[in-house]
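Look at the model below and follow the text through it step by step.

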Amino acid sequence: MTGITEFIRQALDEDIGNGDHTTLSTIPVDAQGKAYLLVKQDCILAGVDVAKQVFTYLQEDIRFKQYKADGEVAAQGMVVFEIEGCVH
């Protein structure tokens, strides 16, 4: 495991543990969903690459469509990335 992968694993183990019990008890295991990261105020982006690594660590086949990259200027209302995959 690379350093960042190990860091992601440890953080998720600490945060999620054996799963989010509300999600596990109320959402079907095969449920699919879509989400996006929307910029709330003008900024310079940081963490997009790490976010992609977290999502793909959790689900290798997740659809991650990136519109902006780390270090780029983003204006309020812009979509930085979209993800689509298993809700769990």
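Helices H1 and H3 are roughly perpendicular to each other. The model is predicted, and in it helix H1 covers residues 3-16 while helix H3 covers residues 48-58. Two packed helices are described by the angle between their axes and the distance between the axes. For H1 and H3 the angle is about 65° and the axes lie 10 Å apart. Angles of 65 to 115 degrees count as roughly perpendicular, so H1 and H3 fall into that class. The crossing of these two helices is right-handed.

Which residues of H1 and H3 meet? From H1 come Ile 4, Thr 5, Ile 8, Arg 9 and Leu 12. On the side of H3 they meet Gln 53, Val 54, Tyr 57 and Leu 58. Sorted by class, this contact of H1 with H3 contains six nonpolar residues, two polar ones and one charged one.

Arg 9 also takes part in a salt bridge, and its partner is Glu 6. The closest N and O atoms of this pair are 2.5 Å apart. Why are Glu 6 and Arg 9 separated by about one helical turn? They are three residues apart in helix H1, and therefore about one turn lies between them. In total, the count of salt bridges comes to five.

The next part is the sheet. Three strands form an open sheet, in the order E1-E5-E3, with antiparallel pairing. Its edge strands are E1 (32-38) and E3 (63-66), each of which pairs on one side only. Neighbouring strands in this sheet are turned against each other by 10° on average, with direction ignored. H3 packs on the sheet, where it touches E3 and E5. The direction of H3 makes about 170° with that of E3.

Strand E5 comprises residues 79-86. How many bridges join E5 to E3? There are four, and these two strands run antiparallel. E1 and E5 are also paired in the antiparallel sense, over seven bridges. Individual residues show how the strands line up. Ile 83 in E5 has Phe 64 opposite, and Ala 35 stands opposite Ile 83 as well. Further, Gln 66 has Phe 81 in E5 as its bridge partner. In a regular strand the side chains alternate between the two faces of the sheet.

Finally, consider the whole protein. It has three helices and five strands. Read from the N terminus on, the elements follow the order α-α-β-β-α-β-β-β. The C-alpha atoms fill a box of roughly 40 × 30 × 20 Å, taken along the principal axes.

Note on methods: Residues numbered from 1 in each chain as written. Predicted model: local features only at pLDDT ≥ 70, side-chain atom pairs only at ≥ 80, totals over all residues. Heavy atoms only, no water. Axes fitted to C-alpha atoms, helices over the stretch in contact; angles between N-to-C directions. Parallel < 35°, antiparallel > 145°, perpendicular 65-115°, else oblique. Left-handed = near helix turned anticlockwise from the far one by under 90°. Contact = heavy atoms within 4.5 Å. Nonpolar A, V, L, I, M, F, W, Y, C, P; charged D, E, K, R; others polar. Pairing = 2+ DSSP bridges. Salt bridge = Lys/Arg side-chain N within 4 Å of Asp/Glu carboxyl O.
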